[in-house]
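Hi everyone, thanks for making time. I'd like to walk you through one model today, so please have a look at it first.

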Amino acid sequence: MRARLLAAMIAVGVTVAGGVAFARGLPPFTTSQSATWAVSTDGERQATPTIEPPRPTHRPTLTLAPLPTDIPTPTVRPMTPTPPQRTPTPTTTAPAPETPAPTPTATTQPLPPAVMKLEDRGTQVRELEARLAQLGLLSTEWVDGYFGTATRKAVTSLQARHDLRQLGFVDAATWRVLKDKTREPTRDEMYPPKPTSAPNQPGTLDPRCTTGRAICVDKSTRTLRWVVDGKVRLTMDARFGCKSSPTREGLFRVNAKVRHGYSKFYNTRMPFSLFFSGHQAVHYSDDFAARGYNGCSHGCVNIRDWNKLEKLFNEAKVGDKVVVYWS
């Protein structure tokens, strides 16, 4: 087998030298052109030629030219995102409201000086009340020298009757008309006799009134007593609410003191008010002082003794007990 291989190689012009085959007519391969035939003989197997590609003997040198220095450096600016275009929404403009034509207003006349007014006291007020009583505008029970709500109501009626400004107080024009329509009042007219009545007799104290400081109101005997540590310091007559607005009963506390109280709802004054349950209070009553028990309150405890109630008002404190009961 080996002999036939050698013979074939010689026939094609291959020279075998030292185990390496060279083709005739071709220069021998160098290391830079390593394309050799390697023949391997291993027994009966046919040798497979192995061809190596030629290798370059040198590597080309790459020369880089320097970059010019006068090329301006481009400036890169960040891109600003363009907001999406929105289709404008048509708006409907409401018509401007019509301005109403100004209404002509009458010029407010300044109030005249008062000759006598609410809460005035004295002899002149007594004369005023006596003259009003002559015209049937005021009950003789109210002739007491105090310009209260009843006197104010009578003055307003007089002003309306004679086409005067309804001021509610006496100005020079009102006083002049009143004196012209009446005569000089007598002493009895200025100081009418008051109905006298024996003071109410208090009953048994409620047990809640026997300790601490308590304003003890007895509906059965129509009395009010100021009790401190079981000792009665003051006793006075009292009047209570009508059936439509009764005075509440029970144990309460003084929650507010108003010396010059006034009810705008009932248009009347409430001196020395000691509030104990909502709008209900112990206070002085002009009506009670003038009419006695012919009337009633709107739920408050009316007192007609000014001096005693003033003393109670000065001594009582917020937080003191108020006991309203039937004995």
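Predicted model: local features only at pLDDT ≥ 70, side-chain atom pairs only at ≥ 80, totals over all residues.

Residues are numbered from 1 along each chain as its sequence is written, and side-chain values use heavy atoms, with hydrogens and water left out.

Now, the core. By nonpolar core I mean a set of buried Ala, Val, Leu, Ile, Met, Phe, Trp, Tyr and Cys residues joined through side-chain atoms within 4.5 Å, with buried meaning under 20% relative accessible area for a 1.4 Å probe, protein chains only. The largest one has 24 residues, and Ile215, Leu224, Val301 and Leu312 touch the most other members. Among the elements giving it two or more residues are strands E8 (268-277) and E9 (280-284) and helix H7 (306-315); these are DSSP runs numbered from the N terminus, at least four residues for helices (H or I) and at least two for strands (E). Another core, of 15 residues, lies apart from it and includes Trp175.

Let's stay with E8. Nine of its 10 residues are buried, so E8 is largely enclosed by the rest of the structure. Pairing here requires at least two DSSP bridges between two strands. E7 (residues 256-263) runs antiparallel to E8, joined by seven bridges, with Tyr262 partnered by Arg269. E8 also pairs with E9, again antiparallel, over three bridges; there Phe275 partners Ala281. In the two-residue turn of that hairpin, Gly278 has a positive phi of about 60°.

Terms used: Buried < 20%, exposed > 50% of the residue type's maximum accessible area, 1.4 Å probe, protein only.
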